[in-house]
Amino acid sequence: SEGKTASYFCGYNHKNYFIFSCIAVYYIHGGDVMIERPLYTNKILSYLDTPFVKILTGVRRCGKSTIMKMVMNELQNRGIEKQRILHYNFDSLEHEDLKTSKALYTELKPRLSEDKKTYIFLDEIQEVQSWEKVVNSLMTDYDVDIYVTGSNSRMMSSEISTYLTGRYVSFRIYPLSFSEYLTFRKVYTELSDIHMELANYLRLGGFPALHLQKYSFDDAYTIVRDIYNSTIFTDIVRRNTIRKTDQLERIVRFVFDNIGRTFSASTISKYLKSENRTIDNETVYSYLTKLENAYIIHRCSRYDIQGKEILKTQEKFYLADPAFRYSVLGYTPDSTAAMLENLIYLELRRRGYDVYVGKLENMEIDFIAVKQENKLYIQVTREIASPETEQREYGRLLDIRDNYPKYVLRTDVFADGNYEGIKTMHIADFLLSDEY
């Protein structure tokens, strides 16, 4: 390929076992910098040439477009001619006149190969009106392999369910994991102690743009604030024609300030009423759903361990990235515990787990993570400084009478990694571990 290619390897040998290994390829091509993210590209490429539309979804600037380009590069490496690879980014003014189904179909049809498969990449497809009709028609009538990205789950799900049921496979893209963050950092600086790196990762978050060079916290939060503002305006305010933006902003700030705490729409409504802002529960719920649809927040339902049912009240919410909180509310040390919990939630979701808050009588388990026949119980704490805290964190897990793995994750120093069958791990080690 054109440009320069260099390979990087980074590893960390900690407590006598190898817990982190990754290879990144650093491309300089036409001014773009791309560091491979095989967690996603390997999964996507496994569906190459299958009769499914490949759909990449996730919050804006999490790396969907770059991952799409990586797939395109791999196709060229495999000998696919450039003219059989069509790419359109609908966030760009270059394609502003293609945002109707008719215009897009008219553009694509004459560019399709007559005797070989054509590979079509459509970026931020939700900007195209009735895009699913175009994709469905192309999949039905021509020899094509189609890849799309989207940043709004409501539009994507409604359009997909109408025309593409059973004919697509979806890939959820997240900001950088801790492992990926270390890979990016390795490109431009020396890694420090892995636990110190965790503290930096917690503050800066995982948006790829922040980790292609060294930024101060202020500069990083300026970048993230721009991502936040563009997402709020494009995917929520403009798309839903919201006029009372001050209400939305107050709800956002409440949610961001209460990450890791259970609350309901009624809780927010009462809070705003105390500030002389009247808003009904249904409107609050609608705003929360819109924030979810734009992938800014994730809803985490409670699960009754004894009753074995998902509860519909007093849910928790987590952010798509910790840097969202710090860019909007500023950094405060007392937010660290909640943001550590946020990191664990995101990592479990990256690894394909359905994640719930556990309810056991009047006690709460931070996370129950379920994937097929696998289940994990997890408590997250910044530190355990007293016997009472130790009893609280471990005692909750000991009260669960089954044989699934149980973890207490922390960031302080501890002597033994096992407590009556409960495994204790540093959060950094857990994020890098491949044992779950």
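Predicted model: local features only at pLDDT ≥ 70, side-chain atom pairs only at ≥ 80, totals over all residues.
Residues are numbered from 1 along each chain as its sequence is written, and side-chain values use heavy atoms, with hydrogens and water left out.

Helices (H or I, at least four residues) and strands (E, at least two) are DSSP runs numbered from the N terminus, and two strands pair if DSSP finds at least two bridges between them. E5 and E6 (residues 118-123) pair in the parallel sense over five bridges, and Ile-85 has Tyr-119 in E6 as its bridge partner.

Another open sheet has eight strands in the order E10-E9-E11-E12-E13-E14-E16-E15, with mixed pairing. Strands E10 (309-319) and E15 (418-419) stand at the edges with a single partner strand each, so one side of each is left without a neighbour in the sheet. E11 (residues 354-360) and E12 (residues 363-371) pair in the antiparallel sense over six bridges, and Asp-354 stands opposite Val-370 in E12.

Axes are lines fitted to C-alpha atoms, for helices over the stretch in contact, and angles run from 0 to 180 degrees between N-to-C directions. Helix H7 (residues 194-204) and helix H13 (residues 336-350) pack at an angle of about 90 degrees, with their axes 10 Å apart. That makes H7 roughly perpendicular to H13, a term for angles of 65 to 115 degrees. Where these helices meet, with contact meaning heavy atoms within 4.5 Å, the residues of H7 are Leu-198, Tyr-201 and Leu-202, and those of H13 are Thr-336, Met-339, Leu-340, Leu-343 and Arg-350.

Rings of Phe, Tyr and Trp (its six-membered ring) pair if their centres lie within 6.5 Å, with planes under 30 degrees apart counting as stacked and over 60 as edge-to-face. Two such pairs are listed here.

| Pair | Centre to centre | Angle of planes | Kind |
|---|---|---|---|
| Phe-217 and Tyr-221 | 6.2 Å | 20 degrees | stacked |
| Tyr-228 and Phe-324 | 6.2 Å | 65 degrees | edge-to-face |

Tyr-228 is buried (under 20% relative accessible area), with a value of 1%, and Phe-324 is buried at 0%.

Definitions and conventions: Parallel < 35°, antiparallel > 145°, perpendicular 65-115°, else oblique. Buried < 20%, exposed > 50% of the residue type's maximum accessible area, 1.4 Å probe, protein only.
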